[in-house]
Amino acid sequence: QVQLTESGGGLVQAGGSLRLSCAASGCTSSTFPMGWFRQAPGKERESVAAISWSGEYTYYADSVKGRFTISRDNAKNTVYLQMSSLKPEDTAVYYCNLDTDGSDPGSVWGKGTLVTVSS
């Protein structure tokens, strides 16, 4: 059974940085594109970033372009989201997703990790 486990969330001040990690188990995630989504309180889940299986291609939502960087280490079956210049509006639960196609999610989700950005 495929499992995705996120880590790295927490409380950070506006302007700060965090790095999220997503470890995949039960599959060879290196053969799949992967992505990050987020859901803020009272809002729908939205796409944040995605990366191809090779890491050659990436996608970013306009709201995070230039501030967030997605990367992967296929040897470790892990995807990362480096978040910089964080804003209070980045506060959300961040979810890892397997087989992401740009802004469209695949069917496998992690349980999420909470990021809170204080002003």
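Student: Let's start with Ser47. Is Ser47 buried or exposed?

Tutor: Keep in mind that this is a predicted model. Ser47 is buried here, because its relative accessibility is 14% and the cut-off for buried is under 20%.

Student: Where does Ser47 lie? And what is Ser47 in contact with, leaving aside neighbours within four places in sequence?

Tutor: Ser47 lies in strand β5. Leaving aside neighbours within four places in sequence, Ser47 is in contact with Trp36, Phe37, Tyr59, Ala61, Gly102 and Ser103.

Student: OK, on to the core. How many residues does the largest nonpolar core have?

Tutor: The largest nonpolar core has 28 residues. Those with the most contacts inside it are Trp36, Val48, Phe68, Ile70, Leu81, Met83 and Tyr94.

Student: Which strands each supply at least two residues of this core?

Tutor: That would be β3, β4 (34-39), β5 (46-51), β7 (68-73), β8, β9 and β11 (113-118).

Student: Let me pick Met83 from that set. Which strand is Met83 found in?

Tutor: You'll find Met83 in strand β8, which covers residues 78-83. Met83 counts as buried because its relative accessibility is 0%.

Student: What does Met83 touch, not counting residues up to four places away in sequence?

Tutor: With those set aside, Met83 touches Gly16, Ser17, Leu18, Leu20, Arg67, Phe68, Tyr94 and Val115. Also have a look at Arg19: its C-alpha is 5.9 Å from that of Met83, while the two residues are 64 apart in sequence.

Student: And Tyr94, what is Tyr94 in contact with if I leave aside neighbours within four places?

Tutor: Tyr94 is in contact with Glu6, Leu20, Trp36, Phe37, Arg38, Val48, Phe68, Leu81, Met83, Gly112, Thr113 and Val115.

Student: Thr113 is on that list. Which strand is Thr113 found in?

Tutor: Thr113 is found in strand β11. Thr113 is buried as well, with a relative accessible area of 11%. Beyond four places in sequence, the contacts of Thr113 are Glu6, Ser7, Gly8, Gly9, Leu20, Ala92, Val93 and Tyr94.

Student: How far is the backbone nitrogen of Gly9 from a polar atom of the Thr113 side chain?

Tutor: That separation is 3.2 Å.

Student: Switching to disulfides. How many are there?

Tutor: The count comes to one disulfide. The disulfide joins Cys22 to Cys96, with 2.0 Å from S to S. The link of Cys22 and Cys96 is left-handed, at -80 degrees about the S-S bond.

Student: Now charges. How many salt bridges does the structure hold?

Tutor: The structure holds four salt bridges. One of them is between Arg38 and Glu46, with the closest N and O atoms 2.7 Å apart. Arg38 counts as buried at 6% relative accessibility, whereas Glu46 is partly exposed at 36%.

Student: What about Arg67, what does Arg67 form a salt bridge with?

Tutor: Arg67 pairs with Asp90, and the closest N and O atoms are 2.7 Å apart. Arg67 counts as buried at 13% relative accessibility, and Asp90 counts as buried at 1%.

Student: Which residues are linked in a network of salt bridges?

Tutor: Arg38, Glu46, Arg67 and Asp90 are linked in a network.

Student: And Lys65, which residue does Lys65 meet in a salt bridge?

Tutor: Lys65 meets Asp62, at 3.2 Å from N to O. Asp62 counts as exposed, with 65% relative accessibility.

Student: Last topic, strand β1. Which residues are on its covered face and which on the uncovered one?

Tutor: In β1 (residues 3-7), Leu4 and Glu6 make up the covered face, while Gln3, Thr5 and Ser7 are on the uncovered one.

Student: How many bridges join β1 to β3?

Tutor: Five bridges join β1 and β3, and the two strands run antiparallel. In that pairing, Gln3 stands opposite Ser25 of β3.

Methods. Residues are numbered from 1 along each chain as its sequence is written. This is a predicted model: local features need pLDDT of at least 70, side-chain atom pairs count only at pLDDT 80 or more; totals for chains, interfaces and linings use all residues. Side-chain values use heavy atoms; hydrogens and water are left out. Helices (H or I, at least four residues) and strands (E, at least two) are DSSP runs, numbered from the N terminus. Buried means under 20% relative accessible area, exposed over 50%, partly exposed in between (1.4 Å probe, protein chains only). Contact means heavy atoms within 4.5 Å. A disulfide is a pair of cysteine sulfur atoms within 2.5 Å. A nonpolar core is a set of buried Ala, Val, Leu, Ile, Met, Phe, Trp, Tyr and Cys residues joined through side-chain atoms within 4.5 Å. A salt bridge is a side-chain nitrogen of Lys or Arg within 4 Å of a carboxyl oxygen of Asp or Glu. A polar contact is a pair of N or O atoms within 3.5 Å; within protein, one must be able to donate a hydrogen and the other to accept it, and residues adjacent in sequence count only if both atoms are side-chain atoms. Two strands pair if DSSP finds at least two bridges between them.
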